[in-house]
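Grab a pencil and have a go at the exercises below. Try each task by yourself before you read its solution.

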Amino acid sequence: MAPKLLVAEDEEILRMLIVDTLEDDDYEIDEAEDGAEAYDYIQSKAYDLVLLDYMMPEMTGLEVIKKVREQGNHDVKIMMLTAKAQKKDEEIAREAGADYFISKPFSPVELANVVGDILGE
Amino acid sequence: MNRQWRSSLSRQFVWFMSGFLFLILIAAAGLGLYSQSIEAKYEEKVVDLRQKQQYAVELEDSLNDMFFEARGYLGFRVDDPFLSNYIVQKNMIVDKIKQLKPELESREEKAYITHLQGELVNYYNLFEAAQIQVASDNTEGLQKLSKDRGGSNLVYDLRDQTRDLVSEVENEIYTTEQDLVDRLSNLQMLFVSFVIFLLLIATILAGIMARRIGKPLQELALASSQVSSGENVEMPHVRRSDELGELARSFNLMVKNIQQNERALITSNDALVEQSEELKGSKFTLEQNVKAMNVQKKVLEHRNELNRSLASTLTKSELLQSIITNMIHILNSDKGIIVMLNQGKDYASLGVSQEKVHEWIDHLLDGPGVKAIEQKKFHIVQRQASIGEAGYHGVEEISNDIYIPVLSDNEPVALLCITRIGGEFTTDEVTELSDLSRQISLALDKLRLYETTENERQINREILNTIREGIQLVDREGTTRAVNDQMCTMLDACFPDGANEKPFTEWSSKFFKQVDINDRDEVSSYVHDVIAGVKPKQSELIYQTNTEPSLFIQMYYEHLYTDGKFIGSIFVHRDITREHEVDEMKNEFVSTVSHELRTPLSSVLGFTELMLSKELKPEKQKKYLNTIYKEAKRLTSLINDFLDIQRMEAGKQNYDKTRINLKEMIEEVLDNYRDHSKLHSFTIEDLAEKHEIIGDGDKIKQVFNNFVSNAVKYSPEGGTVLTRFRVENDQLYLDIRDEGLGIPQDALSKLFTKFFRVDNSDRRQIGGTGLGLAISKEIMTAHNGDVLVTSELGKGSTFTLVFPLGIEKQSVDSKSGELQDSGVLIVEDDESLALLLMEEITGNGFAVHHCRSGEEAIELLEQMTPEGIVLDIMLDGRMSGWDVLKTVKETERTKNIPIFVSTVSEEKQRGFELGAKDYLIKPYPPKNLTKSLIKSLVNKNNNGKILVPDYSIEDKEEGLSD
């Protein structure tokens, strides 16, 4: 069964970029346009990995992580994709419960590799 | 005893009185006793006499009874009871006589009794005879017997005898009583005579006392009154030993003493008179001395005054004046002058006219004083007194000028010249002068030092106060030694009494109170460490104040050492509030920009990489390339925005101003948006007739784009975007109204601040750098316009762009102008700046001429004389602004024209040296130029005309494209 992925990104172009990057691999991908939508998806499905943008309308990526972790969902792996690339931003994200942290701009090939590695484990 | 008696009058008086009283007592006692004895004797005698009288009466009664019984017996011849009674009575008579007999004293009485006894015997014999007759009853015998013997007569005789006795006794009693009365009257007589005697004695005593006291007193009084009236009298009663004697002796002694004193007084008076004569003599000498002393005193006063000024005067002119004035008085001279041998030739004089002084100073080096200066010792010149000098001293006087150099380190620093008219200077005076000159030298040295220190102190103070940082100097104990003005204004660290040298506790508590509570501990430990000479953990720190408004202050320190010894610290407080704010915004900006840049960058990089690493279908490739292109454009626009604001802030933004039509421009922009946004409708309302202004088309378009895009961006639900032109007060207004989210009231004021965004949270829906409005505002300001905003949250916002219309008119007018000898000439190769300056200057009523190169300017100046020249330094052509400046200033006709240099070059000094009136460093607010112009040209007439040189706007555009 194909691993389930959620891509939450408010910038349509970037969302397209991520989805296109990962489409060659055998994943089942859902797309969310803002934080609230992302949260709803996570509640409804058991994803193997969530790719979460930081700055999003309705709920920020950080808020989504916090809420998910607070509700006891520690199984879902969350990868933070953000333009906030400073060290302290990464620390904040990891503290909130992010498992992986990738700063923008990112290399799609590398992203595909990392995602492959994570899901291959 | 006798002496005591005599020595006291009071004692005598007491003695007299007690003797007198004693006599009275004795006499009274004697009289009493005597009267008592008289009464006693009388009583005794009266008792005896009464007894005798009683006996005599009883005898008489018994006799009478016996006769009665005898006669009864003889008459009645009955024995019983007459005879027995007769016998009883007879015996009683015997008893009575026996009783009476011892009582009888006088002879007559005794004779009576003897006679009575004899008669009684006769009577008894007769009765016996009678008894015999009776017994014989012989009557005749009886009768015969009575007749013969006279019986009856005997009885009568006996009766008389007793009667006599009784009367004799009574008589005796009477006599005794009489005797008592006599004696008592005698006693009374005696008493009266005794009283008289006493009175007599009292009178005598009084007489004696009067004689012993009153008289001598009177005599003494008389004598003393004589003494007091000056007679030489010997006191009486001196020899007496009583109080009067004492008084007289004392008085005498006193008189003697007085006389003695008087004699002594007379003697001393003589001596005094003698002395007074002597004193009169010496008084004259003294007066002479006093006069001399007064002169000396004056000299001393002046010397003190001189010393005082030498020691304490710190003003040069005051010191010099004091020196010369006092020296002249000390030397008792007439006039003088002291001059410093420095460049300023500071001087002070007394008794010399200003004219003379200047003449004297001018000829200092070829006059007689030069000898004193060269030889470094005093020099005296003797000369005929001048007319002026001799005028009040008489004719033919000799004047002495003494020149004394004042040496410091053996170098003459001042020259003192003192003149005495009609008298020479003695050696002593010269020596004194030399001594004084050394003191003066010291004082001048001290003054110089003081002036230097004071100057340095002032300079230091000014330097400290010009520094923008607050500076506080504290010593090792933490006591403030100095604070500059900024420290006071920035932190209110000063005390109202101006005394800021306060101990640590006092200033620090005031200071710490102003530090925000969160920073206070840190600041406190920092300050403590620094004062203690310890290196604090951080070399500097930033704290926030809780003043209104709150400031951010950077604080750092420096330890001070003298000869390696720690002596104190300097605290520097730098107000970095603005920097801090900018920093904060920059941080936000970096974060924003980072996000805004990274997003398109991610797309560009990501899709490029995908294209490079993947085999893609041609359609996909095209799609990717399109995306890459769009995102790259977005990036470019972002970067342009950023560069724009940087350029504008630096004042380096160039505006290519041409005549532009705003209506055409907004239509173009709106058309563009119509194509893209399906949710919005765009309308234009036109209430203006003209839509042309002078401006930079690209920039204005950028402004329009910005506002229209904002209107679209911030009304995500769609709606109408209304644009409306209107004209008010010679200004063209363009409103751009949307029906979007609106702007909160508190954000309105910050709206045009760069990097400001109404919603800058991570959750924001609408992206952007926060630069658009700031850039638009800058552009509008550069066009002498403005941006206004009104908004209602939830209902939409209206931004109004304001363009001035007046400029356009003036610009058109100026084209036909001719060269005139007035107005301001602007030499500026940057057209937009020239236009800006022209607008500014004409707006203030000046006429303006403009040229672009130095050569052109010089050429123009040959035909006209402007009121002022605004000159750029870096110009087109071979001539620089410096060359123009020099040429103008060297030409006689133009050298008075004020030149205002307007340049980016910071060679202010050079500008002023070449004769510039003012020097403005670009970028500067245009109004600064007007201010400067007005200051210089305010009195000149302005005809309000502007002259633009004869090249058209088309030319300008050509020029720009070069």
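**Exercise 1: a residue and its helix**

In which helix of chain B is Phe127(B) found? And is Phe127(B) buried or exposed?

Solution. Keep in mind that you are looking at a predicted model.

- Step 1: Look up the helix. Phe127(B) sits in α4 of chain B, which covers residues 107-135.
- Step 2: Count neighbours. There are 22 other C-beta atoms within 10 Å of Phe127(B). The cut-off for a buried residue is 20 or more, so Phe127(B) is buried.
- Step 3: Compare sequence with space. Leu74(B) and Phe127(B) are separated by 53 residues in sequence, yet their C-alpha atoms are 8.8 Å apart.

**Exercise 2: two helices side by side**

Work out how α4(B) and α5(B) are arranged relative to each other.

Solution. Two packed helices are described by the angle between their axes and the distance between the axes.

- Step 1: Get both values. The axes of α4(B) and α5(B), the latter spanning residues 139-149, come within 9 Å and cross at roughly 165°.
- Step 2: Anything over 145 degrees counts as roughly antiparallel, so that is the label for α4(B) and α5(B).
- Step 3: Find who meets whom. On the α4(B) side you have Leu126(B), Ala129(B), Ala130(B), Gln133(B) and Val134(B), and they meet Gly141(B), Leu142(B), Leu145(B) and Arg149(B) of α5(B).
- Step 4: Sort the residues of this contact by type. You get six nonpolar, two polar and one charged.

**Exercise 3: strands in chain B**

Solution. Strands of a sheet pair through backbone hydrogen bonds, either parallel or antiparallel.

- Step 1: Write down the order. The open sheet goes β12-β14-β15-β17-β16 in chain B, with mixed pairing.
- Step 2: Pick out the edges. They are β12 (680-686) and β16 (786-792) of chain B; each has a single partner strand, so one side of each lacks a neighbour in the sheet.
- Step 3: On average, neighbouring strands here are turned by 15° against each other, direction ignored.
- Step 4: Zoom in on one pair. Seven bridges link β14 (residues 719-728) and β15 (residues 731-737) of chain B in the antiparallel sense. Here Phe725(B) faces Leu734(B), which belongs to β15(B).
- Step 5: β11 (residues 657-661) of chain B runs antiparallel to β13(B), with five bridges between them. Arg659(B) has Ile694(B) in β13(B) as its bridge partner.
- Step 6: See how covered β13 is. This strand of chain B takes in residues 692-696, and four of its five residues are buried.

Conventions: Residues numbered from 1 in each chain as written. Chains lettered and ligands numbered in written order. Predicted model: local features only at pLDDT ≥ 70, side-chain atom pairs only at ≥ 80, totals over all residues. Pairing = 2+ DSSP bridges. Axes fitted to C-alpha atoms, helices over the stretch in contact; angles between N-to-C directions. Buried ≥ 20, exposed ≤ 12 C-beta atoms within 10 Å, placed from the backbone. Parallel < 35°, antiparallel > 145°, perpendicular 65-115°, else oblique. Contact = placed C-beta atoms within 7 Å. Nonpolar A, V, L, I, M, F, W, Y, C, P; charged D, E, K, R; others polar.
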